[in-house]
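Trainee: Could you take me through one part of this model in detail? I would like to look closely at the aromatic residues and the core around them.

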Amino acid sequence: GVHRGKGTPPSYMGEGESALDVVEGDEMYAEVSTTQQYLAWLNQQNRAHHEAILRVQAEQQRLGELQGLFHRIQTQWPRPLLARLDSELRHASHVILEQGRRREPDEQAVLKLLEPVLQKALPGCRAIVYGSCATGLRVASSDLDIVIETPAMPGILHQPPSPDKLRMVSEMLSEQTWISHVKTIPHASIPLIKALATPPRASNTSTTTKSSTTPTTTTPIALDLSFASSAHRGPASVGVIKNLVANFSEMAPLAVVLKCFLKTLPIGLADPFKGGLSSYALVLMLAAVLRLRSELKRHFEGFRFATDDVKGGGGGVEGYGDLAEAFLLFLETYGPGFDPAEDLVVVFPPPPPPALPPWLQLIKRGGKRESAFEIDTLAVIDPLDPTNNTARSAYRFPEVQSALTQALTRLRATADAARRSFSAPPGKTKTPEG
């Protein structure tokens, strides 16, 4: 009960005794009044010390693992081949992004046709575009994601749409000649109306119904219509993705390349409604890798990829080789080096006390067991809401992981052939096939 300052001997000590007579270094110990309390406190300190040792060991193990990964990429890939991979990724991403941009007039035509239909069904509503068509990360086959915001009383959160409202909007869409394959998904976490839109050319974008015969010549665009609610974070996620694109030059080109790669896999692996990986989750997974690479290279000078010395291979272009580095790191991270049952993907980890280094938290080993998402096949935390797993429906992720591993295996085989070719005696050199 008596207040004692730092280093004051426990009350059970006799007159003239010092803390050193009981235990060495008493100035580190907190106040105790009985032997039992002292032993309990000492046990607590021992546990804390043990936990600190385990944290340091985990950091060292993870750091060594990442060093090995960086070194493997550095040694497995001859610099000319890495420069070639970088060049091919840049070219492919340029073509994909350009194809997406060419679709913008058709998207605008769809929105212009859709507006009067929605206003008739829900007077005063607003159609807000989100997803890849809003972030600029669209590919030619991207869905046009639209959230319908209806007027609400001030202070009242938007509620999920009623079945009657979904049915009414669905029926009105079905009446339009430029819309087909209308399907309502009322029981999803975010109720959805899916459809295919084939608008007429921009010169004729008046509302048409089934009774009209206006020709349609554009490529069909998949529509995903949802309704604003407190649980809908689609529009808010646009700002997150745009911020990542602005901060990482590799984000946009690699995101569209990986999206197209997913779409080449068996049907459904790029569709969250069929157990696949959503574009949002894929972009966040890529962002975690880019942040990991950035943090390591910022804090540890030893984390240098081979292409840090290859900028001459890109004609002196600053950053040449970054796409190849990041692409290989993505495949290594989520292919053979990833355990979806254990690992937790976090793009913006909170700073817990004591603060852990970001590179230890971004793709956290064993973190899934400590989270609320242990039963989910894959856990990719939403930066807008740490209680939301953006990959909660990706029960087919093992198929995606297998495809990433196979792609990495093929690339490694190409790199091995290139190394043998470059080291062959003069006159026997062969150009490796890509």
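This is a predicted model: local features need pLDDT of at least 70, side-chain atom pairs count only at pLDDT 80 or more; totals for chains, interfaces and linings use all residues.

Mentor: Searching the whole structure turns up three aromatic pairs. One of them joins Tyr-334 and Phe-338, whose ring centres lie 5.2 Å apart with 65 degrees between the planes. That angle makes the pair edge-to-face, because planes over 60 degrees apart fall in that class.

Tyr-334 and Phe-338 belong to one aromatic cluster with Phe-330 and Phe-397. Phe-330 is worth a stop: leaving aside residues up to four places away in sequence, Phe-330 touches Leu-258, Leu-282, Met-285, Leu-286, Val-289, Gly-335 and Leu-404.

From there we reach the largest nonpolar core, which has 69 residues. Phe-330 and Tyr-334 are among the members that touch the most others, a group that also includes Trp-77, Met-251, Leu-277 and Met-285. Several helices each supply at least two residues of this core, including H1 (35-76), H2 (79-102), H9 (322-334) and H11 (397-422). The largest share, 12 residues, comes from H8. Finally, there is a second, separate core of 25 residues, with Trp-178, Ile-193, Ala-195 and Ile-221 among them.

Definitions and conventions. Residues are numbered from 1 along each chain as its sequence is written. Side-chain values use heavy atoms; hydrogens and water are left out. Rings of Phe, Tyr and Trp (its six-membered ring) pair if their centres lie within 6.5 Å; planes under 30 degrees apart count as stacked, over 60 as edge-to-face and the rest as tilted. A nonpolar core is a set of buried Ala, Val, Leu, Ile, Met, Phe, Trp, Tyr and Cys residues joined through side-chain atoms within 4.5 Å. Buried means under 20% relative accessible area, exposed over 50%, partly exposed in between (1.4 Å probe, protein chains only). Helices (H or I, at least four residues) and strands (E, at least two) are DSSP runs, numbered from the N terminus. Contact means heavy atoms within 4.5 Å.
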